[in-house]
Amino acid sequence: MLWRIFHRYASTTMTNRSKSFTYPQRINRSPTAILESLNTCVQTDGGNPSYLFMDDPFLIPTSAHEKRQLSLSKASGKKAARWIMDRYSYAFFYDVAVPSIPSYFPNYTFDEKEFIEPDETTLYKLMNWNKIIKAYEIYKKCLDYKINISDTCKYALFDLLCIYNSDNPMEILPPEEDWYRRELNETNQSGLVQRTWKDNGLAEQMFEELKLTATSEQKIRLYNSFASGLFKYNHAEKAMIIIDEMKQNNISIDLITYNYLLRSTSLIKETYDTRWQFMIEYLNEMKQNSIQPNLRTFNSIFYTLRRCSLYERGPILALSLLNEMRQCGIEPSLGTWAHLIMIFYPNDQIGYDTQILPQIMDELEKQYELNGKQFQWRDIDDREFFFNIMFKATVNCRDVDLAKRIHRFQMTGSNSRFIPDGFKEQMYYTNMFRLLFRFDIPEHVIPLWESVVPNIYSPSINIIEDFIEFISTWNIKDYYVRLWSDLILLGFIDNKQNNRRIIERYLALLINNDQENLSNEQIKQYANIARQILKRFPLTSDEDEQQIDDQQQQQQQQQKREVNEEQQQTKQLKQFQSKFQYSGQLLSNLIYLLTRADDFDASWSLYEYYFLNKNILINQLNEISLMSLLKLSINQNRIDYALNIVEKINEFNYECLSDALDLLNRHENLDHKDRQRLRTIQKNSSLESAHLVKLV
C-alpha cells in the first residue's frame, strides 16, 4: 500500500515539473539597500538622544553647551584626521571597503610637472578636485602654449565658474559643525538680498572669450549658464540684459534659467502686480516653447508670491497656482507648503481666521500614507516647512491641538530630518512650549516635556523661566523636587551670573508654596536643595578668598617652582572667571528653607555672611526670613541671637518689628538685662506699631 502511494506521488510530480527554467530579472539595488530595508523594520524612538551623542549614559550631553562642545569637538577631530591623511597620504591607500569610499582617501596631490606641461587631463583632474581657479590658470596656459582643449572641457570649466562665482567651492563643513554654523539665508521675508556676483570675474572673462567662437548650439549652453549664475548671485540687472540679448539672437532659454528668473522676480520688478504679470509672461513663453515646468518652477513662483508680503491677491493666486500644479501632475513638496503658509500668514497679525493649516496637515498625512510612510528631499526649500508651520500655528493661530498634531507628525518616521540646523530646532520647540505653557494643562504638557527634554531639546533660560511659571501657576507640588534635578541636568545651576535668576525663581517657587501643609519629608527635601546650593557656591568673603589664594600660591611656589608660567596662566584665567554673587533676596530664601528644617547653624552662617558683606550685596534680607530665623532662635533658647535679629529688624524699619517684640517678650527665659535691651529697641524704633506692644 505504501509503495503504491509513493509511486503515484512520484509520477504526478514528474509529469507536472516544467522542463524549462526562467531566470528572474536582476533588480538593480543601491549598496545600502539592505540597511534601508532593516531601517524600515525598526521604529524610531523620538526620546533617545541623537546618534552623534550616543555614548556611556554618564557621558551623554544634556545641556545645550555640552551638546555644542561635543559636536564641535568631533568636527575638529574629523578635520585633524583629514589633515593627517593629506599630510601622510602614502600611508592611507590600502582599500578594504567594498564598495570603495573615496572620501576616506587622501586628496589628490598634483605634481609640478602637471602644471609645467599642462594638458586637458590636468584640467579635468583640477575640476574634479574643486580647484577651479587653478584650473582656469592652466586653461589660460594651454591657450598660450597653443595646446588643443576640447569644447566639452572648456564649457565644463565655464559652467563651474558660473556655479561657484569665479571662485573655488566653499569647504564643506562636517555635519556636526554645519548644525551650528548654518545661518538664515535670504528666504527670510524681512531680509535684504545682497548682490554677491563678482563683476569682471573669471566667468565674465571666459564668457567674452567663448562667445566669439561658439556655435549656435554652444551659445545656448553658454548664455544659459551665464544667466543662471547671474541670477543665482542676485545680479538681476545684468542677467536681464543677457536674457534680452538671448531673445534678440533667438537663443532658447532652458528650464533651469527660467526657474532662476522666476525666483528673482522680486529683484526685477517693484510692485506686486507687475511682478505677477512678469511671471505670467514668462510662463506663457515657456508654454509656447513647449518647456514643461517642474517642481522647482512652481516653488520659485511661490517664493516670489511669498515676498509680496501684503499682496491682497496673494492667497487666491497661490491656490490657483496649486491647482495648476496638480493638473501638471506635479506633487507639492514640503517646501511648496512652507511657501503657501507664509503667503497666507505674511506677519503675526494677518491670517488668524484662516483654516489653511489644518487643511495642509490633512493633505500631508494623506500624502505620507500614499508615499509609503516616508518623505523624500525633493527641493531645497523643504527644510523650512516644520519651522514655518509651527511658528504660525503657535504665534498666529494659537491652536494647542494643531501644534501637538504638527509635533506628532514631525516625530513620525524620519520627518525630524527636515529641521536642518540648530537655530530652527531651537525656535521650533521654543514656540511650541510657549504656547503649551499658556493654554494647555499639566497632564498634557509634562509628558511632552519629558519626552524631548533633554535628549532632543535643551531649553534656553527664557523657556526654563516660563516652565517654572507654569509649574507655579498650576501648583504642581510633585514636580518641585524633580525640577531641581532637571535644572542641574540642563546646566542651569552653575557659576554663570545670568543663571542666578533661575535659582532665585526656583527658590521663590518653593517658598510661595503652601508652607503650612508641607510634610516633614518635603521640608527636608527643600532644605537639602538649599544645602546643595551652598555646597556648589560656598560662602567666602573677598578677604577669605584672598587669604586662600595666598596660601595656595605659597604652597605651589614651594612645591613646584618649575611651572611658574602655568601658574600665571591659571591666575589670569581665574581673574576672568566671575564668581557666583549672592544677593539679599537669595540669602533670604535660603535662610527660610533652612530654618523650616530647624538647621540653625547653616541659617545663622548665612545671616552673618550678609551683614559682613552687605555693602556689596544687592537687596536686603526680607521680613519672612528674619521672622523665621527669630522663631527658630527662640525655640532653641538662643536669646542673644534673637535679640540681635530684633535689632536688625529695627534697623531695616520693617513693620514686623511689633510681632518680633511681642514674640520675644512672651519668652519665659528672658532676664532683666535682656528685657532692658528689648525696651531700648522699642524706644529707638520709629514705628508706631512697635510702641503699642506692652513689654513686661
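Reader: Which residues make the nonpolar surface patch of about 560 Å²?

Author: W83, I84, Y88, Y90 and F92 make that patch. Patches are made of residues with over 30% relative accessible area and no salt bridge; like charges are joined within 9 Å, and nonpolar side chains (Val, Leu, Ile, Met, Phe, Trp, Tyr) within 5 Å. Accessible areas come from the Shrake-Rupley method with a 1.4 Å probe, and for residues only the protein chains shown count as cover. This is a predicted model, in which local features need pLDDT of at least 70 and side-chain atom pairs count only at pLDDT 80 or more, while totals for chains, interfaces and linings use all residues. Residues are numbered from 1 along each chain as its sequence is written, and side-chain values use heavy atoms, with hydrogens and water left out.

Reader: Is I84 buried, partly exposed or exposed?

Author: I84 is partly exposed, at 35% relative accessible area. Buried means under 20%, exposed over 50%, and partly exposed in between (1.4 Å probe, protein chains only). I84 sits in helix α3, residues 64–87.

Reader: How many helices and strands are there?

Author: The chain has 35 helices and zero strands. Both are DSSP runs, numbered from the N terminus: helices are H or I with at least four residues, strands are E with at least two.

Reader: New topic. How many salt bridges does the structure hold?

Author: It holds 30. A salt bridge is a side-chain nitrogen of Lys or Arg within 4 Å of a carboxyl oxygen of Asp or Glu. One of them joins R296 and D379, with the closest N and O atoms 2.9 Å apart.

Reader: Where do R296 and D379 lie?

Author: R296 is in helix α15 (residues 295–307) and D379 is in the loop between α18 (356–370) and α19, so the pair, 83 residues apart, links distant parts of the chain. D379 is buried at 8% relative accessible area, whereas R296 is partly exposed at 24%.

Reader: What about D486 and R482, how far apart are they in helix α24?

Author: They are four residues apart in α24 (residues 480–489), which is about one helical turn. D486 is buried at 12%, and R482 is partly exposed at 37%.
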